[in-house]
Amino acid sequence: MREHTKFYQTGTFTVGNRLLDEGHRSLQSDADRTNSLSCGHRACQGCGEALGARYAIDAAMRATNGQLLIANATGCLEVFSTPYPQSSWQVPWLHSLFANASSVGAGISAALKSKGKNNVRVIAQGGDGATVDIGFGCLSGMFERNDDVLYICYDNEAYMNTGVQRSGSTPPRATTATTQAVGPKPGNPFGTGKNLPRLAMAHGIPYVATASVADLHDLEAKVTKAMEFRGARYLHVHVPCPLGWGSDPAKTILMARLAVESGLFPLFEAEYGRVTTRRKLRKRVPVDEYLKQQKRFAHLFGAKGDEEAIAAIQRIADDNIEHYRLDETAELAANVLRI
Amino acid sequence: MYEIRFHGRGGQGVVTAAELLSIAAFHEGKHAQAFPSFGSERMGAPVAAFCRIDDKEIRSREPIATPDALIIQDSSLTRQPDLLTGLKSTKIVLVNTRLTLDELRAEQLKLKVGKQRILCIPATEIAVELLKRNVPNVIMLAAFCAITEIVQLASLEQAVKEKFPAKIADLNIQAARRAQQLVQTQVAALKSELEVSHV
Amino acid sequence: MFKQIEGSMAVAESVALCRPEVISCYPITPQTHIVEGLSAMVKSGKLQPCEYMTVESEFAALSALIGASAAGARTYTATSSQGLLYMAEALWNASGLGLPIVMTDGNRAIGGPINIWNDHSDTMSMRDCGWIQLHAATNQEAVDLHIQAYRLAEELSIPVMVCVDGFILTHAYERVSIPSQAEVDDFLPKYEPTQLLDPADPVSIGAMVGPDAYMEVRYLLHHKHLQALDVLPRLAQEFSDHFDRHTGGLVTPYRCEGAETIVVALGSLNGTIEEAVDDLRDAGEKIGSVKITSFRPFPLKALRTVLRGAKRIVVMEKYLAPGLGGILASNIRMALRGMNRPVDTVVCGLGGRPIPKKSVIEVLKKAHDDKLEEPHFLDMNWPAIERELKRQKTTRRSGPAAERMMYELLMATYAGEEELHGTD
């Protein structure tokens, strides 16, 4: 099902990657693409999740020849995409509850299997709240059963739709409505939180990957790759939220890129618990560069700043770089990196 | 309606005994209901099970309070309060023991039911000999059927064949026939005492 | 074909005959034998095509079926007690979305304190979740109601739960007639969804609905329940034509002609009640009983009709609404609005306490003599309660109430045993 979309000219030829040859262009450069998440949805200006979802689902629609069903958890994406009485989804879409997108997806997959409809595929998706916290039990069950579902988590690092409360994905020292920048230890405490991609890998499922709206080609490629596998697959996409992070809505992609280039959000792929590829850092960026452009970290800077905290965050980035060998120019030897 | 209450310990096949009896009755065209006194599953814990047999539909669902027959698969339970209740109309009691009735320490039971209505069956010994396992349920059932004729032994054998895999069924049927032989001598004497009512 | 089998297995066979395409399972006493039976049938190939999912919680069990049903599959699961509550959110979601899922609930009490035995707390606590709730009084009814449930669910696009008394029915061996596959296929056609996740015709299911439309959408669910009040008797008649026995409908009276007192109950308790009615009728009492099969929708009109001749109604229910009393009785009083009939509430059988015929007869005698307090608790151990309340007044740190009560009863048993045995 294709829709002709209108490109708004920005005054250059860069719209739709038209400076690239056709083979390298993003799917989004095609004015007659599926447009699974059509315009008119109510996302905020500069919403990383809307951007990521559109790229991801269109890529999945192409990979499956349009034979795709979606289970969506409660959250920003669900709310802004289906404001009654409208829906911006142009693909079959089901929203059930907050915690159960993975189970619902598993059930859809079972139904398709029982009916012999092997070419129709399933994506379950939700935010970090739905995935990392309340939906974790169900997700783990889906992984353990190896249900044929691709689960995509759009991680904006807090419960955004309900007003920016802390989730199991909120980074250390970030201000949220329930981890305020007050008292002796302002913001989210160190030593808490879950790393969902690594937990997914620990289940030994066929394919796990991290992606970011900083590199939309990479996101499309990973979704496409994921759809080549059968069984449980997990994609964790970093999506800045200008409102919740206190960042400039025009700089969403820049924020995402800084997260990647500082090492705080490593990009990698894994199969059956072993890392297969990772994005090496061309130019490392110190974490300050990333943190100082977000109001949720403002209390770490200035006169009452906390250099120790920034140093500790830097150590997290350094650990990631070391763990995933992000600054090595050489290719990884096979099976060198596990969880 | 004829009501049988089974007592034993988890692992002795008490529940299965009630079920087998109900299946046997079913094969004779009767209505039968069998259910356990329900509890968490645990080996060795006291267990009771119930079986009702009637010519018409059985509507009652309560546990059997005043059994016509009592089948005790473990003699260590003969002094249990749960076992000793409601025995005023009990016509026959079978106890799994190698002891004689006089040797058996079950004074309250003997008092309530009357010594002439209690039969001791060495079911464990027969089971260990023929089945190589202490599962006395079919043996006790066979003795019960032989004495009361509530259900024919052939029906019981049919039920056993249905419920158990072939080899085990055959061994159990052997043991059942041994039990039948054992009580045969006592049946005549008992029958007049028991005034058994046939359903 | 007649079989002498366990209630759970009878339900499993009945469900299998309905050709479910996706079954999800999470075990909980006393439903386990049902899902075990079905898993063997699927694995052996006897029930195919069918996907059997062993999920990690009841919440996942129902969630998976929500997805499967929306994708066009006929679905099934079973649960009880804590499991039903664990899927509470999903219960409301399924009915709100209009998905024709069928589920067995093996009625069991809800903790705390934990209790695995039968009463109606679980399904009663979910009486407003929007599902149709049917109660089986025998294992034959359990078999038959599941078949009718699929017809009802798919005709109205609403989920249906069939309530089967845990242990009392699920674990009882009795004679049941299991229909043939051909007979069931003839009664239950293939599932045709009213809404479907279909790449050829995309729809969005489950969008948010605001204040401007929620009331209307909600009414539509209520409307389905009202339609069910007509569909259920029609289905029962059709079932009777096909299978030559009466099961289902809304309410079934027993010896109510000329009855001055009518006893009303849900589920297997009706068996014991009918025996009590027979005894009392033999003794010259003008008494009858009514079995309610459909608890939701609640058959207000049908009950009004069948109870209008009685001078007194005694409701025996396996449920206690803390702070209020009886719910079934309250619902029945609603049915009798404007009619000046005393309705007595008898709370009985909580947590699996047996209900002997003797006690039923005694309580009916008390009702006849206007001697029942409201609500009346059948066979309650009042001395134990009084002792415990007295003890609690003496000390702040009185300990966990449940354990203390068990201790009280244990001590009482030992005291009794000494009287029983004397010097053995």
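Q: How many bridges pair β11 and β12 of chain C, and is the sense parallel or antiparallel?
A: This is a predicted model, to be clear. In it, β11(C), residues 261–266, and β12(C) pair over six bridges in the parallel sense. One example is C:V263, whose bridge partner in β12(C) is C:S289.

Q: And what joins β10 to β12 in chain C?
A: Four bridges, with the two strands running antiparallel. β10(C) covers residues 251–254. There, C:P253 has C:V290 of β12(C) as its bridge partner.

Q: Is β12(C) buried or exposed?
A: Mostly covered: six of its six residues, 287–292, are buried.

Q: Which residues sit on each side of it?
A: C:I287, C:S289 and C:K291 are on one side, while C:G288, C:V290 and C:I292 are on the other.

Q: Switching topic: what's the strand order in the nine-strand sheet?
A: The order is β8(A)-β7(A)-β5(A)-β6(A)-β4(A)-β3(A)-β1(A)-β2(A)-β9(C). That sheet is open and its pairing is mixed.

Q: Why is one side of β8(A) and of β9(C) left without a neighbour?
A: β8(A), residues 274–278, and β9(C), residues 204–205, stand at the edges with a single partner strand each, so one side of each has no neighbour in the sheet.

Q: Further in, how do β1(A) and β3(A) run?
A: Parallel, joined by five bridges. β1(A) is residues 68–72 and β3(A) is residues 121–127. A:L68 stands opposite A:R121 in β3(A).

Q: OK, now chains B and C. How much area do they bury between them?
A: About 2,500 Å², with 53% of it on carbon and sulfur atoms. The contact takes 29 residues from chain B and 31 residues from chain C.

Q: How many salt bridges across that interface?
A: Four. B:R59 forms a salt bridge with C:E275, where the closest N and O atoms are 3.3 Å apart. There are also twelve residue pairs in polar contact between the two chains.

Q: Which elements of chain B give two or more residues to that side?
A: α1 (14–27), β2 (31–36), α2 (81–84) and α3 (107–113). β2(B) gives the most, with six residues.

Note on methods. Residues numbered from 1 in each chain as written. Chains lettered and ligands numbered in written order. Predicted model: local features only at pLDDT ≥ 70, side-chain atom pairs only at ≥ 80, totals over all residues. Heavy atoms only, no water. Contact = heavy atoms within 4.5 Å. Buried area = accessible area lost by both parts, 1.4 Å probe. Salt bridge = Lys/Arg side-chain N within 4 Å of Asp/Glu carboxyl O. Polar contact = N/O pair within 3.5 Å; in protein donor to acceptor, adjacent residues only side chain to side chain. Buried < 20%, exposed > 50% of the residue type's maximum accessible area, 1.4 Å probe, protein only. Pairing = 2+ DSSP bridges.
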